[in-house]
Amino acid sequence: MSTPIPTPTPSPSPTRVPNSDALATPKVLPKTDGCMALSSTSSHSYQDCIAYGLPPGAPVTLTANGVNIFLRIGSTVVYPDGTWYFPWSESELPKTVAFVVSAGGVSRTFRADFYR
(Lines give C-alpha, C1' and ligand atoms only; values in the text may rest on other atoms or scores of the structure.)
Protein backbone atom coordinates (compact mmCIF):
# COMPACT_ATOMS: atom_id res chain seq x y z
CA MET A 1 0.00 0.00 0.00
CA SER A 2 1.44 3.36 -0.95
CA THR A 3 1.23 6.47 1.14
CA PRO A 4 -0.30 9.39 -0.72
CA ILE A 5 1.95 12.41 -1.10
CA PRO A 6 0.28 15.43 0.44
CA THR A 7 -0.52 18.26 -1.91
CA PRO A 8 1.12 21.41 -0.62
CA THR A 9 -1.26 24.19 0.30
CA PRO A 10 -0.41 27.32 -1.62
CA SER A 11 0.69 30.21 0.56
CA PRO A 12 -1.53 33.24 0.51
CA SER A 13 -0.51 35.90 -1.94
CA PRO A 14 1.34 38.65 -0.13
CA THR A 15 -0.43 41.98 0.10
CA ARG A 16 1.85 44.62 -1.26
CA VAL A 17 2.84 47.62 0.71
CA PRO A 18 1.70 50.14 -0.33
CA ASN A 19 -0.63 48.63 -2.90
CA SER A 20 1.74 49.95 -5.55
CA ASP A 21 5.35 49.66 -6.61
CA ALA A 22 6.21 53.22 -5.58
CA LEU A 23 8.28 54.27 -2.60
CA ALA A 24 7.30 57.12 -0.31
CA THR A 25 8.95 60.48 -0.87
CA PRO A 26 10.51 61.58 2.44
CA LYS A 27 10.51 65.29 1.55
CA VAL A 28 6.68 65.43 1.45
CA LEU A 29 5.98 63.43 4.61
CA PRO A 30 4.09 64.95 7.54
CA LYS A 31 6.04 66.14 10.59
CA THR A 32 4.12 63.83 12.96
CA ASP A 33 3.00 60.19 12.69
CA GLY A 34 0.46 60.05 9.89
CA CYS A 35 -0.16 60.29 6.19
CA MET A 36 -0.19 63.08 3.63
CA ALA A 37 -2.38 63.01 0.54
CA LEU A 38 -0.45 63.04 -2.72
CA SER A 39 -3.16 62.67 -5.33
CA SER A 40 -6.56 61.25 -6.05
CA THR A 41 -8.29 60.03 -9.16
CA SER A 42 -11.84 58.84 -9.62
CA SER A 43 -10.65 55.33 -8.74
CA HIS A 44 -7.66 55.73 -6.36
CA SER A 45 -6.33 57.90 -3.56
CA TYR A 46 -2.58 57.95 -2.86
CA GLN A 47 -0.83 58.97 0.39
CA ASP A 48 2.67 58.87 1.86
CA CYS A 49 2.75 57.73 5.50
CA ILE A 50 5.39 57.86 8.25
CA ALA A 51 5.98 56.78 11.84
CA TYR A 52 8.55 58.53 14.06
CA GLY A 53 10.39 57.54 17.24
CA LEU A 54 11.11 53.92 16.37
CA PRO A 55 14.34 52.08 17.28
CA PRO A 56 16.78 52.42 14.34
CA GLY A 57 17.46 49.15 12.52
CA ALA A 58 14.59 47.27 14.19
CA PRO A 59 12.43 45.05 11.95
CA VAL A 60 9.06 46.64 11.17
CA THR A 61 5.57 45.16 11.16
CA LEU A 62 2.55 46.95 9.73
CA THR A 63 -1.16 46.39 10.19
CA ALA A 64 -3.90 48.16 8.26
CA ASN A 65 -7.35 47.99 9.88
CA GLY A 66 -6.09 45.10 12.01
CA VAL A 67 -4.76 43.01 9.10
CA ASN A 68 -1.04 42.17 9.06
CA ILE A 69 0.51 43.48 5.86
CA PHE A 70 3.35 41.64 4.15
CA LEU A 71 6.21 44.12 3.63
CA ARG A 72 7.44 43.63 0.11
CA ILE A 73 8.35 47.06 -1.14
CA GLY A 74 10.83 49.41 0.46
CA SER A 75 12.66 49.01 3.74
CA THR A 76 11.57 46.36 6.22
CA VAL A 77 13.63 47.91 9.04
CA VAL A 78 13.53 51.33 10.72
CA TYR A 79 15.72 53.96 9.08
CA PRO A 80 18.77 55.27 11.04
CA ASP A 81 16.85 58.44 12.02
CA GLY A 82 14.13 56.40 13.79
CA THR A 83 11.51 56.83 11.05
CA TRP A 84 9.78 54.32 8.81
CA TYR A 85 7.78 55.52 5.83
CA PHE A 86 5.62 53.90 3.21
CA PRO A 87 3.18 54.93 0.47
CA TRP A 88 -0.38 53.59 0.43
CA SER A 89 -3.22 53.70 -2.08
CA GLU A 90 -6.89 52.81 -1.78
CA SER A 91 -9.45 52.10 -4.46
CA GLU A 92 -12.51 51.67 -2.19
CA LEU A 93 -13.33 55.33 -1.60
CA PRO A 94 -14.05 56.98 0.73
CA LYS A 95 -12.22 54.88 3.31
CA THR A 96 -10.44 55.35 6.64
CA VAL A 97 -7.46 53.11 7.35
CA ALA A 98 -6.03 52.64 10.85
CA PHE A 99 -2.32 51.87 10.63
CA VAL A 100 -0.16 50.38 13.39
CA VAL A 101 3.60 50.45 12.77
CA SER A 102 5.58 48.38 15.28
CA ALA A 103 9.32 47.90 15.68
CA GLY A 104 11.50 46.85 18.60
CA GLY A 105 8.63 46.90 21.10
CA VAL A 106 7.48 50.41 20.09
CA SER A 107 4.18 50.97 18.26
CA ARG A 108 2.79 54.02 16.51
CA THR A 109 -0.91 54.19 15.62
CA PHE A 110 -2.52 56.67 13.23
CA ARG A 111 -5.42 56.93 10.79
CA ALA A 112 -5.60 58.12 7.21
CA ASP A 113 -8.71 59.18 5.31
CA PHE A 114 -8.81 58.36 1.61
CA TYR A 115 -11.18 60.31 -0.66
CA ARG A 116 -11.81 60.74 -4.38
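How many bridges join E2 to E5? Seven bridges join these two strands, which run antiparallel. Two strands count as paired if DSSP finds at least two bridges between them.

A word on the ground rules comes next. This is a predicted model, where local features need pLDDT of at least 70 and side-chain atom pairs count only at pLDDT 80 or more, while totals for chains, interfaces and linings use all residues. Residues are numbered from 1 along each chain as its sequence is written, and side-chain values use heavy atoms, with hydrogens and water left out.

The overall make-up is quick to describe. The protein chain has zero helices and seven strands, so to read it from the N terminus is to read β-β-β-β-β-β-β. Of its 116 residues, 36% are buried. Here, buried means under 20% relative accessible area, exposed means over 50%, and partly exposed is in between (1.4 Å probe, protein chains only).

Back to E2 and E5, then. They belong to an open sheet of three strands in the order E1-E2-E5, with antiparallel pairing. E1 and E5 stand at the edges with a single partner strand each, so one side of each is left without a neighbour in the sheet. On average, neighbouring strands of this sheet are turned by 20° against each other, direction ignored. Such angles are taken between axes, which are lines fitted to C-alpha atoms (for helices over the stretch in contact), and they run from 0 to 180 degrees between N-to-C directions.

Another sheet has four strands: it is open, with the order E4-E3-E6-E7 and antiparallel pairing. Its edge strands are E4 (67-69) and E7, each of which pairs on one side only. The twist from one strand to the next averages 25°. E3 and E4 are held together over three bridges, and Thr63 stands opposite Asn68 in E4. Five bridges join E3 to E6, where Val60 faces Ala103 in E6. E6 and E7 pair over nine bridges, and Phe99 has Phe110 in E7 as its bridge partner. The hairpin of E6 and E7 has two residues between the strands, and Gly104 takes a positive phi near 55° there.

What links E1 to E2 besides the pairing? The structure holds one disulfide, a term for a pair of cysteine sulfur atoms within 2.5 Å. Its partners are Cys35 and Cys49, with sulfur atoms 2.1 Å apart. The torsion about their S-S bond is about 105°, so the disulfide is right-handed. Distant parts of the chain are linked this way: Cys35 sits in strand E1 (residues 34-40) and Cys49 in strand E2, 14 residues apart. Both Cys35 and Cys49 are buried.

Then there is the greasy part. A nonpolar core is a set of buried Ala, Val, Leu, Ile, Met, Phe, Trp, Tyr and Cys residues joined through side-chain atoms within 4.5 Å. The largest one has 22 residues, and those with the most contacts inside it are Leu62, Trp84, Phe86, Trp88, Phe99, Val101 and Phe110. At least two residues of this core come from each of E2 (45-51), E3 (60-64), E5 (84-90), E6 (95-103) and E7 (106-114). Rings of Phe, Tyr and Trp (its six-membered ring) pair if their centres lie within 6.5 Å; planes under 30 degrees apart count as stacked, over 60 as edge-to-face and the rest as tilted. By this rule there are six aromatic pairs. One of them, Tyr79 with Tyr85, is stacked, at 4.5 Å centre to centre and 15° between the planes. Phe86 and Trp88 have ring centres 6.4 Å apart and planes at 85°, so this pair is edge-to-face. Ring pairs also link Trp84, Phe86, Trp88, Phe99 and Phe110 into a cluster.
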